[in-house]
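Let's take a short tour, one selection at a time.

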Amino acid sequence: MRRAFADLHLMPDLSSVEQTRQMFLKASALGYRLIATPLPTSFSENHIQRLRGISQETALDFASRLDLKPKTPKELLYHLRKFRRKFEIIAVICESKTVARQAAKDHRVDLLNFPALDPHKRFFDKAEAELASKSLAALEIDIKPLITLKGSSKIRLLSALRREASIAKDFHMPIVISSGATTELLMRKPLEIAALTSLFDLDRSMAVDAVSKNPLAIVKRNREKLSPNFIAPGIRLIRRGSDCHES
Amino acid sequence: MKVKRRYLALKIDSTEKFDSREFMDAVWSAFLRLYGEYGASRVGLALIDYDAEKKFAIIRVTHTETTKVRAAVASITEIMAKPAAVHVLKVSGTLRALRKKINASGRF
């Protein structure tokens, strides 16, 4: 069976339906099966349905995603309580160490993302990885800065990514590689993205899993949890109503 | 010992047209930026076919360096200071098999 690929961080300008459609078409042409786009919290269910409609036209599966950028752990907890059941993927952009720690240990967080441009704000370390490995959160790495940065800032980023990928591997923490693309020309094929990860020494099988198995597993797990039939991990309602006999 | 090679079919994604020299300059400079002169000396990069109209190219590389070439090609964001991206369509061990694969997929 052919492997399915996913890009969980496609960032079209949502105010432009045409650009969104073009980017979805491109994702489909490049070989993706599932995409996710960060949505504003003000987005209504109608907006989400419209995006799902566009993705269906382009033969793609669409997952709703929320990027949280809290200043304090308390703010993160507040947002998680408020939005967890409304979005299929919750990513936390960690801009402080306390937020990074809270995000890593909270099982409601799916993705940990760190700012690419400031190496001092990359708080991913062994303690973070240990916490995240227990809570099933994955480390998300965007490819956009890797192809747009030049010179010393790119060198610093590659060095940080090499260290982080090695820590994540040691603690068996899943890695998700996303495009972070804001335009069509910044989108790449899944295997091109996997090749780019060789720049920070991610081995090929891990790299391919990071654009296929790992992101798809997150979406599958969350869809199951958000389903009305979900009771607890491994337990779900399989039948209800008049055909269900009471003993 | 015979050096194994890989042939890569590439598609240039841009609104502009470029000639073969401009295209290869972009590929070489992307490779040099990522892997330096030592890495570039091992890649065995050569342009086999180029169609400016169809924005299509075939390059040949040493087979051990294929991933590096894929990464270098993926890191191209402009050619001659004009926005562009380059995608790998197919990879094959022989030119004949590559052309067969491209014809079968019907993609240029």
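## Where the chains meet

Start by selecting the contact between the two chains, to which chain B brings 19 residues and chain A brings 17 residues. Keep in mind that this is a predicted model.

Next, pick D13(B) and K26(A). These two form a salt bridge, with 2.1 Å between the closest N and O atoms. The count of salt bridges between chain B and chain A is 1, and the count of residue pairs in polar contact is 6, taking pairs with both residues at pLDDT 80 or more.

Now colour the side of chain B that touches chain A. Here α1 (20-43), α2 (66-74) and β6 (85-92) of chain B each supply at least two residues.

## Into the cores

Move on to the largest nonpolar core, which has 96 residues. Show L112(A), I177(A), F200(A), L10(B), F23(B), I59(B) and I79(B), the members that touch the most others. Highlight α1(B) too, as this helix gives the most to the core, with 10 residues.

Zoom in on F200(A). Leaving out residues up to four places away in sequence, F200(A) touches I141(A), L146(A), L158(A), L161(A), R162(A), A165(A) and I177(A).

For the last stop, select L34(A), V176(A), I218(A) and V219(A), which are among the 12 residues of a second, separate core.

How values were computed: Residues are numbered from 1 along each chain as its sequence is written. Chains are lettered from A and ligands numbered from 1 in the order in which they are written. This is a predicted model: local features need pLDDT of at least 70, side-chain atom pairs count only at pLDDT 80 or more; totals for chains, interfaces and linings use all residues. Side-chain values use heavy atoms; hydrogens and water are left out. Contact means heavy atoms within 4.5 Å. A salt bridge is a side-chain nitrogen of Lys or Arg within 4 Å of a carboxyl oxygen of Asp or Glu. A polar contact is a pair of N or O atoms within 3.5 Å; within protein, one must be able to donate a hydrogen and the other to accept it, and residues adjacent in sequence count only if both atoms are side-chain atoms. Helices (H or I, at least four residues) and strands (E, at least two) are DSSP runs, numbered from the N terminus. A nonpolar core is a set of buried Ala, Val, Leu, Ile, Met, Phe, Trp, Tyr and Cys residues joined through side-chain atoms within 4.5 Å. Buried means under 20% relative accessible area, exposed over 50%, partly exposed in between (1.4 Å probe, protein chains only).
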